[in-house]
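Please keep the model open while reading.

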Amino acid sequence: MERKPSPVLQIRPPTFGDLITVLSIDGGGIRGIIPATILEFLESQLQELDGEDARLADYFDVIGGTSTGGLVTAMLTAPDENNRPMFSAKDIKPFYLENSPKIFPQDRGLFGLIMKLFKVVNGPKYDGKYLHSVIRKKLGETRLNQTLTSIVIPTFDIKKLQPTIFSTYKISKDPTMNAQLSDICIGTSAAPTYLPTYYFKNKDKDGNVSEFNLTDGGVAANNPALVTIAEITKQISKKHPDFFPIKPMDYGRFLVISIGTGVAKVEQKYNANVAAKWGAIKWLFNDGSTPLVDVFSQASGDMVDLHLSVVFQALHSEDNYIRIQDDSLTGTVSSVDISTQQNLNSLVKVGEELLNKPVSRVNLETGLTETIKNGVTNAEALKR
């Protein structure tokens, strides 16, 4: 992967070479520690090639992220006073370890269980105040048009009942989409039942105003890879000069690294006989998990992976699509909000072990991931 020079103005893809490089980061609450660990390794490998100042934003033409992945995306691409990335990849994991217990404070004992049930019935599990304050503190007043490479962050507008995609590419057509990164991140991470929905309005320089009533981007695209590629494809179909002569279906010109936050497929913690007896409360809260949220977020993420696997394989470009995901999480590690020190450390371990696992691909018949026969590890694949 070739490094882009340190940008003075927004650089549009593809800046160098034949490939449009895309990084995609799933949603998943505190499980964002898993992609943070993967990205720290990737950036360290790039630094071995190009020096310690190398950053992921220098190499990817577009970075897409949903929910917790949207926050990671913003942190990796927001500029500092020297117009370099405000955060390196190695800063992301400490951010989660330090702030997760304050974002998702844990109620303990019988009283804690009662409080959890009360919150589920009467409002979101967490008030989001600390999350909002730390995001605003870290990202300041940086806006979408200031990121050091193009980004795509999905949200869902509950008033319009449709996805709202915050994309670098949309700003020129609709300047009211040029919102502060902090507002975008708060909106995309407002997970139903966990955090409150988020309202804000944004005004462009001509006084035009757009209003946003946002909930978690995972409602629309927990895996943002397809949405991110779609934003690029729109530009190609419009014959944007920066993409000429690439064609919309020329997937051989894409290099996509899609990083998940882990799932609990192996655990098989739900079954039809038990779920058949659930009412609204059980679907929303069951033994510390949220079945309805889990089902919707996992279904959307799997469909994206399945679609991209089919397309890249059909167009003989399967080596240009890498999906790094762990579907063997069990117990509290699969939670999006259990922020005990033990669980956070376990998530770091999951990310480290995932690097040493062999690359997998979706079996197009079963929908399950299977190890590629050549046995190349995820770490080795990223090095290539």
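Which residues form one aromatic cluster? The cluster consists of Phe166, Tyr198, Phe200 and Phe212. The model is predicted, so local features need pLDDT of at least 70 and side-chain atom pairs count only at pLDDT 80 or more, while totals for chains, interfaces and linings use all residues. Residues are numbered from 1 along each chain as its sequence is written, and side-chain values use heavy atoms, with hydrogens and water left out.

Rings of Phe, Tyr and Trp (its six-membered ring) pair if their centres lie within 6.5 Å; planes under 30 degrees apart are stacked, over 60 edge-to-face, and the rest tilted. Searching the whole structure gives nine aromatic pairs. One of them joins Phe166 and Phe200, stacked at 6.4 Å centre to centre with 25° between the planes. Phe166 belongs to strand S4 (residues 162–167) and Phe200 to strand S5 (residues 198–203), so this pair ties together parts 34 residues apart in sequence. Strands (E, at least two residues) and helices (H or I, at least four) are DSSP runs, numbered from the N terminus. Both Phe166 and Phe200 are buried; buried means under 20% relative accessible area, exposed over 50%, and partly exposed in between (1.4 Å probe, protein chains only).

Helix H6 (residues 181–188) has eight of its eight residues buried, so the helix is largely enclosed by the rest of the structure. Among them are Leu181, Asp183, Ile184 and Cys185. The elements covering the buried residues of H6 include helix H2 (68–77), helix H5 (129–139), strand S3 (150–157), S4, S5 and strand S6 (209–215), where contact means heavy atoms within 4.5 Å.
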